[in-house]
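Subject: Structure handover

Hello,

Please find the structure below. My notes on its side-chain contacts follow.

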Amino acid sequence: MIQQENPMSSSRESFGRFKQFGFDEEKMRQVNDPEIGHQADVEFPILSDNQLKQLTFELLDDPLSWRVRAVEEIQLTRAQWAERSRVIEISPLGEALQGSINSMFDGTEGEPKSLDLILPISEFPKTPLLDFIMTVDGEAVQRIPRKKGSVIQAEYIYHLARRAGVTVPSDENLYILLACIFGFRPGAWERMIKGRKVICRSRALRLFLRRCANRAIELEKYKHWKKVLVPKFENLVRKHVVLTRSSAAQNPLLALPSLFRRVTLDDDEVGQLLDKLYNFLDDSEKKFRDPDADPHERECAGWLVSTYCAYGRRWEAMARCTVPLDRPFTITVRDRRMIRFDSPKKGGLRFFTFILDRVFSTTRHYVSSADAQSNHLHIVAPDSSVEFVPRSCKARDEVWKKLPCSPSGVGQAPEDEQKTVEHYSRYDSRSDRPFRIWVQCRLRQSLLRWCMTWGVILATVSAIFLIVRFNETCGYSWLCAYDASDKMNGGDVVAILLPVTFAASLLLARDVTTLGVRVKRAVHLLLMFVFAALWGITVYFYVVGHICIGS
């Protein structure tokens, strides 16, 4: 078990931590004061800070005990944005939290019908979210800000360490570093590595630290961290999730600017803190891989490392709200987020995958698949000119390993999986299913549009061949002189060019959705190329005198 004192045991220490990250201590004391709560005519009991976190951690430990069903729908409405809606059916929380509630309200008359909780809602990627709406039991709620949510996430890692029997270093700065890692926002970092001013990407990280941390770091220390410590974290993280350059869990150096704004540390102390963090995670990983360890502690240790890795690229949305304890209710989440077309797996056949993604548009969706007793996923494309390629719709786990399809009935195959040209759906309620999965769906034109487009391309190629062949049979060759007695006249050119030009222009200008344009961009480029070649050859023959418009 943890050798240090419980970091949440002292209310004064806990308030100090929360105040350091932006919580108002006076407001928290007012909310947690039973007398003030009664003065405000609050019909539910007021919990202390420690009690709130205890119930939140209990909900995070076993989401299947209170989440009955999760139904998620993804609509590919635009080339860059997808509209998502998620409905989570919740069983009466009084049953899932019965033991903790009984111990908290022992001796009171009756059981509360509702309770003010910090309720975990869902996980979201650290990317822009538009039109974000959350409702709990039909009432709109506001999520806890990410900065404050990262504090709770750091406390949750400590909670998992206690359950796993892993010793946490007795360093308060380690807790702050975890909160900074989970609260890291990759926007500035992404802009810097994509910016034109960064000539060499290997220097981007040092430039990022220099600009955002407002302090200089010794070059030798920086090289040691980047060449020795960062690869250790990467080797640990890649066992649980796909690596990404914007994850502070994978590269803790990204969280140093936020750390320096909260505590004052020199370079040696930062190096020691990073070593403590890695040793703590490595001890948890070793316990998870140890077959002789206690099964419960092994499970908690594995969940600790997996949660740490997941919090590096996703954030846990939580809301402070009043929920009923004696009846079921629902949680609904709606948002609009960016569609990922590039593969998250880097290395290997990266260039081949890059070219393939440009020719055949493939969407990748990172979804939760085991945060309820049963999970339902539906992906649709409302654009009638776009359809799915059923055989190319696949699911992969968090380390990008391909998962079997439902008809196979082996391994981690879902209970039901449907792939059609109109939608992709997946249902699973097995206990051993992966907690999160990647779903990739390849898109293509509808069959009618595909036939029309390729028909126009073949007609354009035929027109090119006809013009070239006509001039050759009338006495012209690429090496011999042209017989001026036979020439193509204006009627011949119009008969060849007008139908093809009209059909090609109609196809190129017909698309009304950005998603349709993206899916068909490769074939449209081919169409524009042969169309330009047709007109180029026609103009060439006219300039050299092989086509006489006035005849």
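A salt bridge here is a side-chain nitrogen of Lys or Arg within 4 Å of a carboxyl oxygen of Asp or Glu. The model is predicted, so local features need pLDDT of at least 70, side-chain atom pairs count only at pLDDT 80 or more, and totals for chains, interfaces and linings use all residues. Residues are numbered from 1 along each chain as its sequence is written, and side-chain values use heavy atoms, with hydrogens and water left out.

Salt bridges

The count comes to 27 salt bridges. One of them joins Arg-67 to Asp-371, with 3.2 Å between the closest N and O atoms. Arg-67 is in strand 1 (residues 67-75) and Asp-371 is in the loop between strand 8 (362-368) and strand 9 (374-380), so the pair ties together parts 304 residues apart in sequence. Helices (H or I, at least four residues) and strands (E, at least two) are DSSP runs, numbered from the N terminus. Both Arg-67 and Asp-371 are buried. Buried means under 20% relative accessible area, exposed means over 50%, and partly exposed is in between (1.4 Å probe, protein chains only). Arg-67 and Asp-371 also belong to a network of salt bridges with Glu-72, Arg-84 and Arg-86.

Another salt bridge links Arg-320 and Asp-116, at 2.7 Å from N to O. Arg-320 lies in strand 6 (residues 314-324) and Asp-116 in strand 3 (residues 114-125), so this pair connects parts 204 residues apart in sequence. Arg-320 is partly exposed at 34% relative accessible area, whereas Asp-116 is buried at 12%.

Aromatic rings

The whole structure holds 14 aromatic pairs. Rings of Phe, Tyr and Trp (its six-membered ring) pair if their centres lie within 6.5 Å; planes under 30 degrees apart count as stacked, over 60 as edge-to-face and the rest as tilted. Which kind of pair do Phe-57 and Tyr-156 form? Their ring centres are 5.5 Å apart and their planes are at 40°, so the pair is tilted. Phe-57 is in helix 4 (residues 49-61) and Tyr-156 in helix 7 (residues 146-164), 99 residues apart. Phe-57 is buried, at 2% relative accessibility, and Tyr-156 is buried with a relative accessible area of 2%.

Ring pairs also link Phe-124, Phe-132 and Trp-315 into a cluster.

Regards
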